[in-house]
Amino acid sequence: MIDSGFETKSVRMELLLLVSFQAPPADVDRIMEAVIAITPLGMGNYDSNAFQSAGGIERYRPLEGAAAGAETVLRERPGTVEVSFELPDDQRLAERVVEAIHQAHSYQEPVIRIQPLLASRTKGLDDRSNPNRWWNTTGDWKKAAASIKEDA
């Protein structure tokens, strides 16, 4: 396992923390607002960087002591998503973010995970002529989606 960062011509690989949590979609904006109040989730010239998965099915059974009370039947909650984002390798920051997620979450026992990882950060080289960049192929996906709506 690679245990330290490294660099290539275009990319710097940094040791970071990958934070993920599972939540119903209705909770995500509230939770992310609480996280961003602590840290901007910056990546180069961007902030508020996170990934949200498509909905899945969360499975669980409340036991004695659960807010819902003990149940014998397994619950299945469709539509639950997973959100992930990166933080600097800073335990105090991670503690504050975990507490913010917990306080903003609707669950008694939120699923929150933190994993160390190497993540890429561009060196910001001039690659305007790179034929693979979005601005040299399809253009900005958001602007393209907006013009399709206008044409409809």
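A residue is called exposed when its relative accessible area is over 50%, and buried when that value is under 20%. Keep those two words in mind as we walk through this structure, which is a predicted model.

Let's start with helix 2, which runs through residues 91-104. Its 14 residues reach 20 Å from the first C-alpha to the last, close to the 20 Å expected at 1.5 Å a residue. At the N-terminal end sits D90, which caps the helix: one of its side-chain oxygens lies 3.0 Å from the backbone nitrogen of R92.

Now look at which parts of the helix are hidden. L93, A94, V97, A100, I101 and A104 are buried. Viewed down the axis of helix 2, these buried residues fall within an arc of 125°, so they line one face of the helix.

What do the buried residues of helix 2 pack against? Their partners are helix 1 (25-36) together with strand 2 (11-23), strand 5 (75-88) and strand 6 (112-122). On the face turned away from this buried side, you will find the exposed residues Q91, R92 and Q103.

Finally, let's visit a loop. L41 lies between helix 1 and strand 3 (51-52). Is L41 buried or exposed? Its relative accessibility is 3%, so L41 counts as buried. Leaving aside residues up to four places away in sequence, L41 touches several others, among them M32, V35 and I36, as well as F85, E86 and L87. From L41 to A104 is 63 residues along the chain, and their C-alpha atoms are separated by 17 Å.

Note on methods:
Residues numbered from 1 in each chain as written. Predicted model: local features only at pLDDT ≥ 70, side-chain atom pairs only at ≥ 80, totals over all residues. Heavy atoms only, no water. Helix = DSSP H or I, 4+ residues; strand = E, 2+ residues; numbered from the N terminus. Expected span 1.5 Å × (residues − 1). Buried < 20%, exposed > 50% of the residue type's maximum accessible area, 1.4 Å probe, protein only. Arc of directions from axis to C-beta. Contact = heavy atoms within 4.5 Å. Polar contact = N/O pair within 3.5 Å; in protein donor to acceptor, adjacent residues only side chain to side chain.
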